[in-house]
Amino acid sequence: MESITYSRKTAVYKSFVCFVFILVAFILLYEVLTANLNFFQYAYYGSASLLCFWFFGSAWFSLTWIAVANEPILVCWDKTRILLNNGKSIPWKVVTRIELKQPFLRKWAQHSPAFYRIHLHHNQYEDISTFHMLTGKELTTYLGMLRQRWHLYKDNM
C-alpha cells in the first residue's frame, strides 16, 4: 500500500510552538488579574491573551493529537481503493476528480489547512486534511501522485 505521510517531528515542533504562545497567553492573563495596571494596559494585555487563546488554542489541541497519533499517515491507497483515516474506503472507479484546496480563513478568522478534495459521483466529495503538516512543494507533489494513481487504477475494476 502506498501512502501520504508526514514527519512526526514537524507535528511535535508545531505543537510546541503553539504551546509556547498559550503559555504567553496565561502569563498575560495573570498580569491582567494580579498587576496594578491602567485601563489601556488591561485592554492591551487582555485582548492579547484572548487572541493567543483564540488562534493557538485549537491548533495546539489538533497538533498535539496528530503528534501522538498511532501512525503519521494522512491517506493510503492500493490498486482498488483509497483508504481514509476515518475508516472510509473509496473505490477508484467512483472518483471523478482530485484537487487541492489551498488555505483560507474560516468563519471567525481562524486559519484552516490545505486539503485534498476527492470528488465522487452524484456531486459528493471527501476531504483529506493535511493538518498543516506538508510544505507547498509536498502538497503539489502528492497531488500529482494521487492523480497519477487515479488515472492508472480507475479502469482496473
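1. Start with V24, which sits in helix α1 (helices are DSSP runs of H or I with at least four residues, strands are E runs of at least two, and both are numbered from the N terminus). V24 counts as partly exposed because its relative accessibility is 35% (buried means under 20% relative accessible area, exposed over 50%, partly exposed in between, with a 1.4 Å probe and protein chains only).

2. Before going on, a word on the source: this is a predicted model, where local features need pLDDT of at least 70, side-chain atom pairs count only at pLDDT 80 or more, and totals for chains, interfaces and linings use all residues. Residues are numbered from 1 along each chain as its sequence is written, and side-chain values use heavy atoms, leaving out hydrogens and water.

3. Now look inside. The largest nonpolar core has 31 residues, and I4, W77, I82, V95, I98, Y116 and L134 touch the most other members (a nonpolar core is a set of buried Ala, Val, Leu, Ile, Met, Phe, Trp, Tyr and Cys residues joined through side-chain atoms within 4.5 Å). Helix α3 gives the most to this core, with 7 residues. Pick V95 and you'll find I82, I90, I118, H119, L120 and W150 touching it, leaving aside residues up to four places away in sequence (contact means heavy atoms within 4.5 Å).

4. Strand β2 is worth a look, as 4 of its 5 residues are buried. On one hand, β2 runs antiparallel to β1 (residues 2-5), joined by 4 bridges, with E2 standing opposite W77. On the other, β2 pairs with β3 over 3 bridges, again antiparallel, and V75 has L84 as its bridge partner (two strands pair if DSSP finds at least two bridges between them). A hairpin of 3 residues joins β2 to β3.

5. E2 turns up again in a salt bridge with R149, the closest N and O atoms being 2.8 Å apart (a salt bridge is a side-chain nitrogen of Lys or Arg within 4 Å of a carboxyl oxygen of Asp or Glu). This pair links distant parts of the chain, with R149 in helix α3 and E2 in strand β1, 147 residues apart. R149 is buried, at 17% relative accessible area, whereas E2 is partly exposed at 27%.

6. R117 and D127 also form a salt bridge, with closest N and O atoms 2.8 Å apart. R117 lies in strand β8 and D127 in strand β9 (residues 125-129). R117 counts as buried because its relative accessibility is 15%, while D127, at 36%, counts as partly exposed.
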